[in-house]
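This report describes selected features of one protein structure. Please examine the sequence and the structure shown below before reading on.

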Amino acid sequence: MKELFDENQILELGKALSSPIRLKIIRLLAENDGKNFNELAERLSITGSAITAHINQLEKAGILRVESTAGKHGMQKQCYINEWRFLIDFQEEKRQQNTFHAEIPIGSYCSYQANPTCGLATTEKNIGYYDDPRYFDDPEHIYAGILWLTEGYVEYRLPNYLAKNQTIGELQITQELSSEAPGFCEKWPSEIFFSLNDTILGSFVCPGDFGLKTGLYSPDWWVYGKNQYGMLKALVINHSGCYLDGQKISSFTIDDLHLSSSSEIRYRISAPDSGTGRGGMTLFGKGFGNYNQDIKCCYVLEEK
């Protein structure tokens with residue numbers, strides 16, 4: 001997800017999305033990412049020069065990226081979705097002076113419980129053997145770009161840089177998640193929970209463990225048959241409650257945590273035993289999945 005608060009970036013995005021043809025291009029790439037210019041022009045019944053102009057506008061806005069690849073008749077230009085989600089924040093310019101951003105590597109958990117099927121990998125190799133929870137203690141776990149478990153949790157210590165006269169007015173956390181099935185299974189529902197300092201904030205039911213399409217950022221050696229990508233879930237807790245993707249999931253507020261400059265902030269993502277034989281969770285970090293990010297945090301600070 002790309003956040004936009006600069007006026008010029010917002011205008012470029014608006015221009016790019018103001019054309020029905022450009023919206024059709026995005027939809028075609030959503031169906032099958034990686035089409036070349038000629039394929040798109042043919043599907044839309046427009047000229048090569050027209051498709052080039054439309055793609056240039058989408059690329060300028062950051063929606064698409066263009067790569068040159070070898071084809072049957074020489075080099076050809078392929079189009080890919082560069083960003084699937086955009087967040088426009090008209091208050092960001094005002095708020096950025098009182099915000100702190102951090103990105104927590106998914107492998108830097110401080111505690112865990114992992115029951116098979118389970119495992120973890122870096123962008124270069126698997127860490128140990130599949131379905132052996134002991135490898136979650138391997139020193140290389142801090143470099144993990146993907147981890148999965150059928151039952152259990154991973155917990156992280158979030159940084160606390162509050163001054164003594166400050167408190168947190170809002171905490172935003174985004175991460176890419178899916179269920180965990182042996183191999184993969186598109187219909188494999190799992191209830192995944194979010195907690196702060198041992199307090200459950202809420203949960204969501206992930207519909208499956210997605211693997212029919214290759215993750216946009218997954219390494220070449222991460223072959224078909226494995227977890228490929230997840231859903232980007234945005235958790236927000238503030239003075240009015242706790243929200244997931246904009247929908248209120250609990251009335252628990254940031255004030256209920258009583259955070260201060262000396263507080264620890266422990267964030268847990270868990271998938272308890274569902275009792276159905278299904279469930280689990282997969283957590284995607286940089287170098288895997290569709291979003292190329294670890295756990296992103298944003299603190300909106302307030303004076304006491």
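## Aromatic pairs

A search of the whole structure, which is a predicted model, finds 13 aromatic pairs. In one of them, the rings of phenylalanine 100 and tyrosine 161 have centres 5.0 Å apart and planes at 90°. Planes over 60 degrees apart count as edge-to-face, so this pair is edge-to-face. Phenylalanine 100 belongs to strand S6 (residues 99-104), whereas tyrosine 161 is in the loop between strand S8 (146-158) and strand S9 (166-178). The pair therefore ties together parts that are 61 residues apart in sequence. Phenylalanine 100 has a relative accessibility of 25% and so counts as partly exposed. Tyrosine 161, with a relative accessible area of 61%, is exposed.

A further pair consists of phenylalanine 184 and tyrosine 224. The centres of these two rings are 5.6 Å apart and their planes stand at 80°, so this pair is edge-to-face as well. Phenylalanine 184 is in the loop between S9 and strand S10 (190-196), while tyrosine 224 is in the loop between strand S11 (199-206) and strand S12 (231-238). Parts that are 40 residues apart in sequence are therefore tied together by this pair. Tyrosine 224 counts as exposed because its relative accessibility is 56%.

Aromatic residues also form a cluster: Tyr130, Trp148, Trp221, Trp222 and Phe288 belong to it.

Is glutamine 228 buried or exposed? Its relative accessibility is 1%, so glutamine 228 counts as buried; a residue is buried when this value is under 20%. Glutamine 228 is located in the loop between S11 and S12. When neighbours within four places in sequence are left aside, the contacts of glutamine 228 include Phe210, Gly211, Lys213, Thr214 and Gly215. Ser218, Trp222, Val223, Phe284 and Gly289 are also among the contacts of glutamine 228. One of these residues, Trp222, is a member of the aromatic cluster described above.

Glutamine 175 is part of strand S9. With a relative accessibility of 0%, glutamine 175 counts as buried. Leaving aside neighbours within four places in sequence, glutamine 175 touches Phe194, Met231, Leu232, Lys233, Tyr267, Ile269, Leu283, Gln293 and Ile295. The C-alpha atom of glutamine 175 is separated by 28 Å from that of lysine 24, and the two residues are 151 residues apart along the chain.

## Packing of helices H2 and H3

Helix H2 (residues 20-31) packs against helix H3 (residues 37-44) at an angle of about 120°, and their axes are 11 Å apart. H2 is therefore oblique to H3. Their crossing is right-handed.

## Packing of helices H3 and H4

H3 also packs against helix H4 (residues 48-60), at an angle of about 110° and with the axes 9 Å apart. H3 and H4 are therefore roughly perpendicular to each other, since angles of 65 to 115 degrees are placed in that class.

In this contact, Phe37, Leu40, Ala41 and Leu44 of H3 meet Ile51, Thr52 and Ile55 of H4. The residues divide into six nonpolar, one polar and no charged.

Methods. Residues are numbered from 1 along each chain as its sequence is written. This is a predicted model: local features need pLDDT of at least 70, side-chain atom pairs count only at pLDDT 80 or more; totals for chains, interfaces and linings use all residues. Side-chain values use heavy atoms; hydrogens and water are left out. Axes are lines fitted to C-alpha atoms, for helices over the stretch in contact, and angles run from 0 to 180 degrees between N-to-C directions. Helices (H or I, at least four residues) and strands (E, at least two) are DSSP runs, numbered from the N terminus. Angles under 35 degrees count as roughly parallel, over 145 as roughly antiparallel, 65 to 115 as roughly perpendicular and the rest as oblique. A crossing is left-handed if the near helix is turned anticlockwise from the far one by less than a right angle, and right-handed if clockwise. Contact means heavy atoms within 4.5 Å. Ala, Val, Leu, Ile, Met, Phe, Trp, Tyr, Cys and Pro count as nonpolar, Asp, Glu, Lys and Arg as charged, and the others, Gly among them, as polar. Rings of Phe, Tyr and Trp (its six-membered ring) pair if their centres lie within 6.5 Å; planes under 30 degrees apart count as stacked, over 60 as edge-to-face and the rest as tilted. Buried means under 20% relative accessible area, exposed over 50%, partly exposed in between (1.4 Å probe, protein chains only).
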